[in-house]
Structures are given as structure tokens and as C-alpha cells.
Amino acid sequence: MSQTKQTRSISIANGPSFLSTPDNTLLADLEAQGIAIEYHCREGYCGACRCKLISGEVDYTVDPLAFIDDDEILPCCTVPLSDVELAL
Amino acid sequence: MKYTTFNQHNTDVMAEPMFFGNPVNVARYDQQKHAIFEKLIEKQISFFWRPEEVDVSKDRSDFQGLSDAEKHIFISNLKYQTLLDSIQGRSPNIALLPIVSLPELETWIETWSFYETIHSRSYTHILRNLFTDPSAIFDDIVENEEIKRRAADISKYYDDLIFATQLWQTQGEGTHVVNGETHVVNMRELKKKLFLCMNSVNALEAIRFYVSFACTFAFAERELMEGNSKIIRLIARDENLHLSSTQHILNLWAKGKDDPEMAEIAKECEEEAREIFLNAVQQEKEWAAFLFNNGSMIGLNEEILCQYVEYIANQRMSAIGLGQPFDIASNPLPWMNNYLSSDNVQVAPQESEISSYLVGQIDSEVSEDEFDAFEL
């Protein structure tokens, strides 16, 4: 079983925590929880969903083309590799 | 420094800055200082589309059914977008190609500009379908005061940089008097002009298109002008990519990952950069007021559109380290995102009205009397 097939804990700073679903991107998981997050392209090139990764590790499903700062990730094209905490 | 179309000196492109280093000689992409631009080129090319592929014929009857206020909104937006892409179809080439120093960035600029020319061509495609003679619409772009004000503001940073570069490339650094006006040309000033110009272009790609995108998609939400909406979705997808590139350039500078002098300038001119952005926000709000001065349209009004401009400005400004100056936390037009998602752009040809695919296969319009001769 690859790392991305596992369920991880996703917590939002000053917000709810929930469990990830295997194979889903973080954005899809956030939306399934009813957490409003901005998105445009959903393919990693526009950067609209950019948010801060406070702790944990993620893996990209596509090579992201949008600018991402060192402490930021794009939820639209990442899956958690460990439990993660995000700041939206 | 005189520009040369093929620099005969061997330069190490890995040591060159993005701009104002040595002119590019060999268009080679096997080694890249900033590989992101090569990736952007590949992505942009994979987005290739032609306006003629989108069937806009149904829009003509939709347009006849719009109220006068809605016609004003629709046509004014098309005029403004025509202006924006007229500028963007040429200016990155003229302003940036003479000073670029990396082959992958040079090609990105050319690719970027080329796509803006596709956008310009698509406005003609849309207008030709709506009007037997669209020339009055195009002529008004250089007459309309609202549009001219914006044009002056957008082109001024480009024009400044282009003029200073021309002086530098023909006369060199120093103080030059041209037509009685004194111009001080040195590398620091040139780089400052480049920095301000890039910020102005970034603001253009980041927010200037979005008021008209919102109106287009608001029509589409009512199943009106859908051919136009399909084209604008393709344009929006390209613009998102262009915005990525200007954000990368600005951040590479600010974070000291390119030319160290540009990092200093980014710090020094941060306030000016913020002003450029906020000024564009203000102008877009004024544009929204102008659009709705004859009355609003279903699903949109001036207030909500201004909130959307602020919302999107927060996003775009924080992406280049300018913070989030506006107090608005959630997207006032959440349905916009459905139109900006690339999932909803890339459709199978047989499922959309791509005329080149459909030609000779089926009629998209079948009237009832075509079945008159049928007998069961």
C-alpha cells in the first residue's frame, strides 16, 4: 500500500480537523468537508488555492507551475504523505 | 549597449540574469536557469485553440434579446478586453525582448504574446457574429473616455521602459536631451522601470480581466451568450498561466533568486508596486460603475462586482508579498470558479461545438420542416 492510499489527519489552524480519503487531493477533501477554499484551474498552474502548510508532508500529483513559496502548497494537486496542518 | 540579434560572444546563460544581461544568442533549451519558463511554454502550447472552433452563432439571437443595459455591459466589456489584448499582443515583445537574457524566458515572452493575439482575433470573431459591420465598435475603443483612461495607465509603464531602453541601446548610459526633454539613463533607472512595468503587467493579468470575465459568466449562468462564454473560458485559462509567469518573475527578483540588484529595487519600490496594484483595483471598480450606469443585469450589480475585485485583489497581492489590504474573507461570486476550472474547459470535441470537427458530419441546427418529407 503506497503512502497516499492511507488515511491521514488533516487539521486546519483555528478550524476543524478531519480524515483524508485515499487518492483524493487535499482540495477535494476540503470541499467534501464543506470548507470553502478558492480555486480556479485545479491543475496546479494558477495558484488560486495556494495555502500555508504548517506541518506535515505532501506529494504533488502534477508538476505545479504556479508560484509557491517555501512554506506553501497547492491543495488542488497534492495528497498528504503524513498528518498535515494547514492555514487557510 | 547596442542590441544584436545574434550575440557572437559565448555567454554562460546559467550565470545570466533574466533581464539586462547579455543578449540571447542560441535558442537552446537543454540547460535552463529558470526551468519554470520552459514548463510554462509547454503548458501554454498544450492549450492551443482557435476562436473559429467555437460556434458563436446562437449568441446573435441571444444578443437581440438582451436589454439595452445588458447590451451596454456586454459590448463595453468586449471593447475593454480588445484594448487589453491589443496592448498585451505586442508590448511584452517590444518592451521585454530587447532586454531579455535567457533563451527560455525569451521564448516564453514570445509564446505569451502570441496567445494574446489569438485572444484579439477571437474578439473579432465574436463581434463579426453579432454585427454585420463591427467597425463602429472597434472605432469607439480609441474614442471612449473610460477605455482611454485605462489604456493610458496601462501603456505608460511599457512606454517608459521602451523609450529608456531605446535611449540606452542607441546612446548608452548618461544624460540625454531629446526634443528639449532631459532623460537620465543608467542601469539602476532602467531596472526600476522594468520592475514597475512588470508590476503593472502583473496587475493587468491579475485583475483587469476579471470584471468582464464575471459579466460574461453571469450571462452564461442564465444560458445566454454561451459561445462567447466558451471563448472567454479559454482566454481565462491562458490568462491564469500568464499571471503565473509574472508572479514568478516578481518573486524570483524579490527573493534574490535572480539579479541581486533587482532584489534591492523590489524592496525600494515596494510602495510604488502596491500603488500600481491598488490603482488598478480602483480603476476596475470605476469600470464596474460605468458598466452598470444604464442599469444592472440579473445576478450582478456594481456592489457585488466591486467586492469580487477586492476579493481577487487580496489573493493576487498576497501572491507577490503585498499582503491582503481588503477586508473581505469569502468569494462573493463562488460560481465564477466553475468557469475558471480547467476541467470545464477541456471537453471532448464531439461533445462541444467545435466546427472543424463537426463540419460535414451533422447539422447543429435542424428545423421542424426538414421532416416534412418523412413518412412512417
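Is A:Arg50 buried or exposed? A:Arg50 is buried, with 22 other C-beta atoms within 10 Å, where a residue counts as buried if 20 or more other C-beta atoms lie within 10 Å of its own, as exposed if 12 or fewer do, and as partly exposed in between, with C-beta atoms placed from the backbone. This is a predicted model, in which local features need pLDDT of at least 70 and side-chain atom pairs count only at pLDDT 80 or more, while totals for chains, interfaces and linings use all residues. Residues are numbered from 1 along each chain as its sequence is written, and chains are lettered from A and ligands numbered from 1 in the order in which they are written.

**Around A:Arg50**

- A:Arg50 lies in the loop between helix H1 (26–32) and E3 of chain A, where helices (H or I, at least four residues) and strands (E, at least two) are DSSP runs numbered from the N terminus.
- Not counting residues up to four places away in sequence, A:Arg50 touches A:Ala66, A:Ile68, A:Glu72, A:Leu74 and B:Ala319, a contact being two residues whose C-beta atoms, placed from the backbone, lie within 7 Å.
- A:Arg50 and A:Phe67 are 17 residues apart in sequence, and their C-alpha atoms are 8.8 Å apart in space.

**The sheet of chain A**

- Five strands of chain A form an open sheet with mixed pairing in the order E2-E1-E7-E3-E5, and two strands pair if DSSP finds at least two bridges between them.
- The edge strands are E2 and strand E5 (72–73) of chain A, each of which pairs on one side only.
- Strand E1 (residues 9–12) and strand E2 (residues 17–19) of chain A pair in the antiparallel sense over three bridges, and A:Ser9 has A:Leu19 in E2(A) as its bridge partner.
- The hairpin of E1(A) and E2(A) has four residues between the strands, and in this hairpin A:Asn14 takes a positive phi near 55°.
- E1(A) is also joined by three bridges to strand E7 (residues 84–87) of chain A, and these two run parallel, with A:Glu85 in E7(A) as the bridge partner of A:Ser11.
- E3(A) and E7(A) pair in the antiparallel sense over three bridges, and A:Leu53 stands opposite A:Leu86 in E7(A).
- Strand E3 (residues 51–55) of chain A is joined to E5(A) by two bridges and runs antiparallel to it, with A:Cys51 opposite A:Ile73 in E5(A).

**Helices of chain B**

- The axes of helix H3 (residues 68–96) and helix H6 (residues 145–171) of chain B come within 11 Å and cross at roughly 5°.
- That angle makes H3(B) roughly parallel to H6(B), the term used for angles under 35 degrees.
- Among the residues that meet in this contact are B:Leu83 and B:Ile87 in H3(B), and B:Ile154 and B:Leu161 in H6(B).
- Of the 22 residues of H7(B), 18 are buried, so this helix is largely enclosed by the rest of the structure.

**Between the chains**

- The contact takes 16 residues from chain A and 19 residues from chain B.

Technical notes: Axes are lines fitted to C-alpha atoms, for helices over the stretch in contact, and angles run from 0 to 180 degrees between N-to-C directions. Angles under 35 degrees count as roughly parallel, over 145 as roughly antiparallel, 65 to 115 as roughly perpendicular and the rest as oblique.
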